[in-house]
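Me: I would like a close look at one chain of this model, followed by its partner and a few individual residues. Please keep the account connected, and give the cut-offs for the terms as they come up.

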Amino acid sequence: MTDTRTTPSGPDAVLISSGVEGGVRDQVRAWWHRVRGGEMGALPASAGIVVLTVLFAFLSPFFLTERNFANLLTQAATLVMLAMALTFVLLLGEIDLSAGVTSGMTMALFVVLNNVFGVAWPLALLAAFGAGLATGLVIGFFVAKVGIPSFVVTLGLFLGYQGLALTIIGDGGLYRLQVPEILAIQNANLPVWAGWVMLLVILAVVSATSVLDRRRRTRAGVPNRTITLLWAKLGVVVVVGGAVVGVLSQNRSASPANELAGVPVVVPIVLTILWLGTFLLDRTRFGRYVYSVGGNAEAARRAGINVRLIRWSGFMLCSTLAVVAGLFSISKVGSIDAAAGREIVLSGVAAAVVGGVSLFGGRGRLLNAAVGALVIAIITNGLGLLNLPAGVNFMVTGSVLVLAATVDAVSRSRASGMVRRN
Amino acid sequence: MTDVPIIELQDVRKSFGPVSVLQGIDFRAYPGKVTALVGDNGAGKSTLIKGLAGVQPYDSGTVLFDGEPVELQSPRDAAALGIEVVYQDLALCDNLDIVQNMFLGREELSRGTLDEGVMERDASDALRSLSVRTMTSVRQKVASLSGGQRQTVAIARAVLKKARVVILDEPTAALGVAQTAQVLALVERLAHQGVAVIIISHNLQDVFEVADYVAPLYLGHLVAEVPIGATTYDDVVGYITGSKTFPGSETVA
């Protein structure tokens, strides 16, 4: 690259690097060094996806079919969304045990308002989001202002909201979702051409942000990564994205009478939220403060950051995104009962941890949570195809969680060992 | 003492209930000079520093900054004057990299989003101005740094803020021999840039190596403020333990 900065030559010139200098080989070596240093990111979970896919492809002839692939994505959507919601509080070193029942309770509110009271669905949806936001506000009040551990506050809410959902829905009750627009999220597909447009939009966004970043760094006079890596990144998006859209563009209908093809509507919704959330965490002050509060709240406070406000916002984001997870869930199931969302929250936490989000705060990205959720969804889907008893699913998922936590702990202890040796 | 002090405390007092911790302190710090504040536990060093940082305002007394009386009622007042404190426990985020830590709380933005390029450039420049050469990359996570390197980052952060007075609280307390030497060299370079450095230390060896003035505190009194060349190790130990008084000053209680 030619855009390395010009510095006054002398004994002190350019002794500290930016970590982005050199060619592809240097960058790969630096990346590997970081991985060995404990910054594994989504690597173990991504490897897990590959291993599980190969494994289930061998064990079940249905696993690698177009129909199962589309089904897997819609099955996974709720968990992906919930894991991403939880990431905002996990990054702060907090937890929200009530995220699942928040999605259940707000959906109960939504469906009952629409079905029983005849409220127009957009208004009912607004009420559901309002309830989610209010939930985050209340949790944030008790955690950030009163100073109660989030585990306790959200455990209380976990119990209370089950009662609230029961009150809204009634004992043993079940309401059918009657809003075609919401049912469409998980049951309708984009036209085949729109799937390819989606891929083009993704490519455009990735290239535009990269180019803008490079321009900014060049203007500041600091080195850029070699452009080859950007091409490689775009190449990966083309290959992986092309494969996914390609498979989903095939006719996957069970009967020859009708045709079923296209990317499920939920996929672009999840990708948009993933992109917006990642933008917030990576590129804004708010995101930086979330990481700093999770890493060292005292340091953040001394740096003039309003720690209380950041914590509060984290809980509000989590609860609000949990409402979206609830929408995905009722869209898939088609109905709501009083127990909705009771069990999924711990799977959501497990998904985030499997993906590489730290329970102790400050480490992890939304993409990690999404990949972790895919791992757990693949296990559920694959074991379901093998007709194994439901108990096996829980046992395998539990083992994977412990395995992921072990990989993380071992890599980190090795990393601190490296520091000690220095 | 022919230098003009950048900061001058006149008869500052502070008490907590019946306990008067600072009993009328006169203290000066000079641009480009290192002033060491020494004293035993409970002598009032921390209280004196917290007053300067605006964290715990003095009860009475005058603070002159550039010869003008100023109010130090909050950390914001101190920061506005260019007074920065590097605390003993460092206040860095392990999970963020060096650049992110140096800019924490005052990130550079460009069109509403973080401008990593500008921040990386300015952070590198600040480190370079201190002739720091012990780190491989400014994008290293702070978790992977040694104690001395962390201290360096904390000091460089003060430089980045264009601080005029930097207060270092026990900067070498947790460091080994080599790293202590590194940090002391850094302190000297900081002073060479014209910054008034106030260093709190228990380690008199460090003090005699780096300080231009030494100011021993004993039970809330400043025993003396003398050029380092005009005193001896034994004298300073005497001042700190109260077994000796500064010739010419009044006897301490």
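How many helices and strands does chain A have?

Reply: The model is predicted, and local features are given only at pLDDT of at least 70, side-chain atom pairs only at pLDDT 80 or more, while totals for chains, interfaces and linings use all residues. Residues are numbered from 1 along each chain as its sequence is written, chains are lettered from A and ligands numbered from 1 in the order in which they are written, and side-chain values use heavy atoms, leaving out hydrogens and water.

Chain A has 16 helices and two strands, where helices (H or I, at least four residues) and strands (E, at least two) are DSSP runs numbered from the N terminus. Its radius of gyration, 23 Å, agrees with the value near 22 Å that a compact globule of 422 residues would have; the radius is taken over C-alpha atoms, and the globule rule is 2.2 Å times the number of residues to the power 0.38. Along the principal axes, the C-alpha atoms of chain A fill a box of roughly 80 × 60 × 40 Å.

Of the 422 residues in chain A, 45% are buried (under 20% relative accessible area, with exposed being over 50% and partly exposed in between, for a 1.4 Å probe and protein chains only). Among its contacts (heavy atoms within 4.5 Å) between residues at least 6 apart in sequence, 77% join residues at least 24 apart. The accessible surface of chain A is about 20000 Å², with 68% of it belonging to carbon and sulfur atoms; such areas come from the Shrake-Rupley method with a 1.4 Å probe, and for residues only the protein chains shown count as cover. Chain A carries 31 positive and 17 negative side chains, and the centres of these two sets lie 7 Å apart. Here Lys and Arg count as positive and Asp and Glu as negative, without His and the chain ends, each charge being placed at NZ of Lys, CZ of Arg, CG of Asp or CD of Glu.

Within chain A, A:F279 is found in helix 10 (residues 266–283), and A:F279 counts as partly exposed because its relative accessibility is 27%. Leaving aside residues up to four places away in sequence, A:F279 touches A:T284 and, in chain B, B:T113. The C-alpha atoms of A:F279 and A:P44, which are 235 residues apart along the chain, are separated by 23 Å.

The C-alpha trace of chain B spans about 60 × 40 × 35 Å along its principal axes, and buried residues make up 55% of the chain. In chain B there are 21 positive and 31 negative side chains, with the centres of the two sets 6 Å apart.

One sheet of chain B is open, with four strands in the order 2-1-4-5 and antiparallel pairing; two strands pair if DSSP finds at least two bridges between them. Its edge strands, each pairing on one side only, are strand 2 (19–29) and strand 5 (68–69) of chain B. Strand 4 (residues 60–65) of chain B pairs with strand 5 in the antiparallel sense over two bridges, and B:P69 in strand 5 is the bridge partner of B:L64.

Finally, B:Q100 is found in helix 3 (residues 98–102) of chain B and counts as buried because its relative accessibility is 14%. With residues up to four places away not counted, B:Q100 touches A:R288 and B:R139.
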